[in-house]
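Good morning, and thank you for coming. Please look at the sequence and the structure on the screen while I go through a few local features.

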Amino acid sequence: MLVCAKTLAHPHVWIENSIVFRMENKKITEINVNWVYDEFYSSAAFFEADIDNDNKLNTEEKLKLLDRNYEELKKNSFFIHLKLNEAKLNNFEIKNFNSFFKDEILTTVFTISLINPVDPFKDMLIAGFFDKTYFIDIYFTEKTPAMLAGPTIEACKYNLYEDMTETYYYGMVNPEKIKVICK
Amino acid sequence: MKKLSVVISVFVGLVLVISVFLAMNSPSFNHFGLNNLNKNPVVSYIKKDVIAKNWTAIVKTQRKLSSQISGNLKRADSDKFLLYFLISFGLSFIYGIFHSLGPGHGKMIIMSYFLSEKSKLWDAPVMALQVAATHIASAIILVFLVNVSMRQVLTDSIDRIFWIKITSYALITLVGLVLLFKKVFEKKLKEKMLDLNRGVLSIAAGMVPCTGALLILLFAMANNVMITGIFLVIAIGLGIMTTLSAVGVITMLSKKAASGETFFTKGKNISTALEYLGACLIISLGAIMLVLTLAG
C-alpha cells in the first residue's frame with residue numbers, strides 16, 4: 001500500500017510514532033515500535049483490504065493486509081535509521097510484526113531486535129524513523145514519544161531532537177531522532 | 001546564430017544547475033560527498049532558519065488540518081451537516097494552499113510559462129484554475145472510473161500514474177520546444193495558438209492526480225459522504241489555484257520589474273532573455289522529469 005511512496009512526494013500519509021527501548025543486563029536489546037496511521041490513509045487501506053466489500057475484514061483479508069504491509073515496509077527497510085555513535089547500525093532483525101485496525105485506524109507494531117545488544121553506558125544508540133521521499137511523515141507523538149523498559153532505567157534517559165547534521169527532501173527536512181543516554 | 005548560442009548556453013546551464021540540485025539530495029550520489037554539504041554548520045544553519053523551519057511549520061499545519069478535515073467529514077452526515085460542511089470546506093481550502101506550497105503541483109511550470117510569454121495579469125488565475133482543475137479531476141476520474149471496481153486504488157494506480165507522468169512530462173517538453181521555436185525563429189503565433197499552448201501545458205502540469213485528493217475521496221466513500229468529499233476536493237483545488245495564481249502574478253510582476261519597464265533603459269533585452277529562459281526552463285523541467293521517471 002505504500003508503493004506510491006517512491007513516486008509521489010510531500011507528506012500524504014502521517015504516522016504517529018512511539019517507541020520503547022527494552023533493556024536487559026544493562027544493555028538495550030530491543031526497540032518496540034508502535035505506528036498509528038492517519039484517518040485518511042487508514043480508510044483507504046481498509047477500503048483496499050476489504051475485498052468482499054462487507055465492511056469488515058475476514059481472516060484471509062487480514063492476512064493479506066499483513067503480508068502486503070510487511071512486504072512494502074520491508075522494501076523501504078521499515079524506514080528505520082539506527083546509529084551507534086556515528087556509525088550506521090544495520091545489524092538488527094524485525095520481529096513480532098503486526099498490522100491491524102483499531103477503532104478504524106490502521107496500526108502497525110513491530111520489534112527491532114538488535115543482534116548485538118548495545119551498552120548505553122558506553123555507546124550512544126540513536127533511533128530515527130523517516131521516509132526520505134517524504135511521501136510519509138513519521139513523527140514522534142508529543143505525549144510519550146519514547147519509553148525505557150527494564151532494569152537500570154533509572155540511570156538512563158532519552159533525548160528527542162531534530163538532527164541538524166542531516167537533511168532530506170530537497171534539504172527542507174531535518175529528521176527527528178531519539179538518543180538514549182545512560183550515566 | 002547568436003540567439004541560438006545564447007539559447008544553448010542557457011539550456012545547458014539550467015540542466016547543470018537542476019542536475020546538481022537533484023544530485024545533492026539523491027542518496028545515489030552520496031559517494032561524491034555532495035550530501036555531506038548539509039553537514040557544513042553554516043549551510044545547516046541557513047537551511048534550518050530559512051527553509052526547513054518554515055517547511056516544518058507548513059507540514060505541522062497540514063497534519064493538523066488533515067486531522068480536522070477527517071473529523072469533520074465523519075460528522076458531516078449528522079444534524080449539523082451544514083456547519084460541519086462549511087468548516088470542512090474552509091479547512092480544505094486552506095489545506096490546498098499549504099499543500100501546494102511544497103515541491104510539485106505545477107508551480108515551476110507556471111513560473112516558467114509566464115517568464116516565457118507576454119501575458120496579462122488575468123492569465124495567471126486562468127492558468128492556475130486549469131492546472132488545479134486537471135489535478136483534482138484526474139484524482140476523481142481515477143477513483144471513479146478506473147480503480148473502484150478493482151478496489152486497488154493505491155496499489156494499482158502506480159502503473160497508471162507512471163504512464164500519466166510520462167505523458168505529462170513529454171507534453172511539457174513539447175510545449176516548451178514550441179515556445180522556444182517561436183522565440184528563436186520569431187514566429188508570430190495567433191492568439192488562439194497561444195491559448196492552446198497554455199491549455200496543453202496546464203493539462204500536462206496538472207494531469208498527475210493529487211494523492212491527497214485521492215485519499216480524501218476514498219475516506220468520503222468509506223463514510224458514505226461521497227458528494228461532500230467531492231466538494232472538499234474542489235475546495236482543495238481552489239486552494240491550490242490560489243497558490244498557483246500568486247506564483248503566476250509574482251512572476252509576471254518580477255519580470256516586468258526586471259525587464260526595466262520602470263527601472264532599466266535596456267528593458268527589452270532583459271525581457272527577451274527572460275522569455276528564452278522561461279521556454280528553456282519548461283523544456284528542462286519536462287525532459288529531466290521524463291528521464292528520471294523512465295529511469296525509475
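Predicted model: local features only at pLDDT ≥ 70, side-chain atom pairs only at ≥ 80, totals over all residues.

**Strand pairing in chain A**

I begin with strand β6 of chain A, residues 105-118: 10 of its 14 residues are buried, so this strand is largely enclosed by the rest of the structure. Buried here means under 20% relative accessible area, exposed means over 50%, and partly exposed lies in between, with a 1.4 Å probe and protein chains only. Helices (H or I, at least four residues) and strands (E, at least two) are DSSP runs, numbered from the N terminus.

Residues are numbered from 1 along each chain as its sequence is written, chains are lettered from A and ligands numbered from 1 in the order in which they are written, and side-chain values use heavy atoms, with hydrogens and water left out.

Which strands pair with β6(A)? Two strands count as paired if DSSP finds at least two bridges between them. β2(A) pairs with β6(A) in the antiparallel sense over eight bridges, and A:Asn34 stands opposite A:Val109 there. Strand β5 of chain A, residues 92-102, is also antiparallel to β6(A), with nine bridges; in this pair A:Lys102 faces A:Ile105. The hairpin of β5(A) and β6(A) has two residues between the strands, and A:Asp103 takes a positive phi near 55° in it.

Let me turn to β1(A). β1(A) and β2(A) run antiparallel and are joined by 10 bridges, with A:Ile28 of β2(A) as the bridge partner of A:Met23. β1(A) is also joined in parallel to strand β8, residues 136-140 of chain A, by five bridges, where A:Trp14 is partnered by A:Asp137. A further parallel pairing, of four bridges, links β1(A) to strand β9, residues 146-149 of chain A; here A:Ile19 has A:Ala146 as its partner.

**Two asparagines with positive phi**

A:Asn25 is in the loop between β1 (13-24) and β2 (27-37) of chain A. Its phi is positive, about 50°, although A:Asn25 is not a glycine. Is A:Asn25 buried or exposed? A:Asn25 is exposed, at a relative accessible area of 71%.

A:Asn55 lies in the loop between α1 (39-49) and α2 (59-75) of chain A. Phi of A:Asn55 is near 65°, again a positive value in a residue other than glycine, and A:Asn55 counts as exposed at 61% relative accessibility.

**Chain B**

In chain B, B:Gln62 sits in helix α2, residues 41-75, and is buried, with a relative accessible area of 0%. What does the side chain of B:Gln62 make a polar contact with? The partner is the side chain of B:His99, at 2.9 Å. A polar contact is a pair of N or O atoms within 3.5 Å; within protein, one must be able to donate a hydrogen and the other to accept it, and residues adjacent in sequence count only if both atoms are side-chain atoms. Leaving aside neighbours within four places in sequence, B:Gln62 is in contact (heavy atoms within 4.5 Å) with A:Pro11 and A:Trp14 of chain A, and with B:Tyr95, B:Phe98 and B:His99 of chain B.
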